[in-house]
Amino acid sequence: MPYTNQEYLPSYEELTVPELEVTSAVFRTAAHHLGKYCDNVSKEFMLCRSEENDPRKCLNEGKAVTRCGFEFFGKVKKHCYAEFNQYMQCVDHSGRLMDFKGCRKTQATFDNCIKEHFGQDRPELGYFSKVRLHQTCRPRPTLAPHNLPDRVPDPPSPEELRKPTDKMKKPHITGVI
């Protein structure tokens, strides 16, 4: 998509956000609780992306999701560091697929710590697949007017189709063969 001088392009400073520099084992271990902890912020971001169709308009919502991730991991480090580390080590060493099967005891310990310090239960299976309504305070975007093409003319009636026209008359051929 070409841009003109009238288009707003964010500056490098606006786009620069600190990254959550963690491994896949850490994300896999924290995924359920992180998803539930940052649920409303994430839904706000996704709603903005789907309604606006322009990622530049959702930079602040994206930064809020990253901030929520930092906040979650900071609280986990402060309150549940040992439990999280045990669970993460178990998941990390459970094979290339990082299965949870062999880590249910350490998972229960971590879940209890999260419940005690965050007041949050582990989401049940299928929680993130359910349709959940999200209330937002963001104004609904105004849609650009959609110009429709001219009306298509009505098809001819059956009576008009039965009437022979000059084009439909057979030509009269004269001559000797």
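This is a predicted model: local features need pLDDT of at least 70, side-chain atom pairs count only at pLDDT 80 or more; totals for chains, interfaces and linings use all residues.
At what angle do the axes of helix α3 and helix α4 cross, and within what distance do they come? Keep that in mind while I say what we are looking at.

Start with the answer. Helix α3 is residues 39–52 and helix α4 is residues 59–79; their axes come within 9 Å and cross at roughly 155°. That makes α3 roughly antiparallel to α4, since an angle over 145 degrees counts as roughly antiparallel. The crossing of the two is left-handed. As for who touches whom, α3 brings Val41, Ser42, Glu44, Phe45 and Cys48, and these meet Glu61, Gly62, Ala64 and Val65 in α4. Sorted by class, the residues of this contact are five nonpolar, two polar and two charged.

Next, α4 with α2. Here the angle is about 110°, and the axes are 11 Å apart. That makes α2 roughly perpendicular to α4, because the range for that word is 65 to 115 degrees. Is this crossing left-handed or right-handed? For α2 and α4 it is right-handed. On the α2 side you will find Val26, Phe27, Ala30, His33, Leu34 and Tyr37, and on the α4 side Cys68, Gly69, Glu71, Phe72, Phe73 and Lys75. The contact of α2 with α4 divides into eight nonpolar, two polar and two charged residues.

Helix α2 covers residues 24–37, and it packs against α5 at an angle of about 115°, with the axes 9 Å apart. This crossing, too, is right-handed. From α2 the contact uses Ala25, Val26, Arg28, Thr29 and Ala30; from α5 it uses Phe84, Tyr87, Met88, Val91 and Asp92. By class that is seven nonpolar, one polar and two charged.

Now the pockets. How much space lies in the largest pocket? The value is about 210 Å³. Its lining consists of Leu20, Glu21, Val22, Val26, Phe70, Phe73, Gly74, Val76, Lys77, Tyr81, Phe84 and Asn85. Which helix gives the most? It is α4, with five residues. The lining divides into eight nonpolar, two polar and two charged.

The second largest pocket holds about 180 Å³ of space. Its lining includes His32, Phe100, Arg104 and Gln107, together with Arg122, Pro123, Glu124, Leu125, Gly126, Tyr127, Phe128 and Ser129. The split by class is five nonpolar, four polar and three charged.

Helix α4 is roughly antiparallel to α3, roughly perpendicular to α2, and gives the most to the lining of the largest pocket.

Conventions. Residues are numbered from 1 along each chain as its sequence is written. Side-chain values use heavy atoms; hydrogens and water are left out. Axes are lines fitted to C-alpha atoms, for helices over the stretch in contact, and angles run from 0 to 180 degrees between N-to-C directions. Helices (H or I, at least four residues) and strands (E, at least two) are DSSP runs, numbered from the N terminus. Angles under 35 degrees count as roughly parallel, over 145 as roughly antiparallel, 65 to 115 as roughly perpendicular and the rest as oblique. A crossing is left-handed if the near helix is turned anticlockwise from the far one by less than a right angle, and right-handed if clockwise. Contact means heavy atoms within 4.5 Å. Ala, Val, Leu, Ile, Met, Phe, Trp, Tyr, Cys and Pro count as nonpolar, Asp, Glu, Lys and Arg as charged, and the others, Gly among them, as polar. On a 1 Å grid over the protein atoms alone, a cavity is a set of points where a 1.4 Å probe fits but cannot get out, and a pocket is an open set with protein on both sides within 12 Å along at least five of seven lines; lining residues have an atom within 4 Å of a point. Grid points are joined across faces, edges and corners, and a volume is the space filled by probe spheres set on the points.
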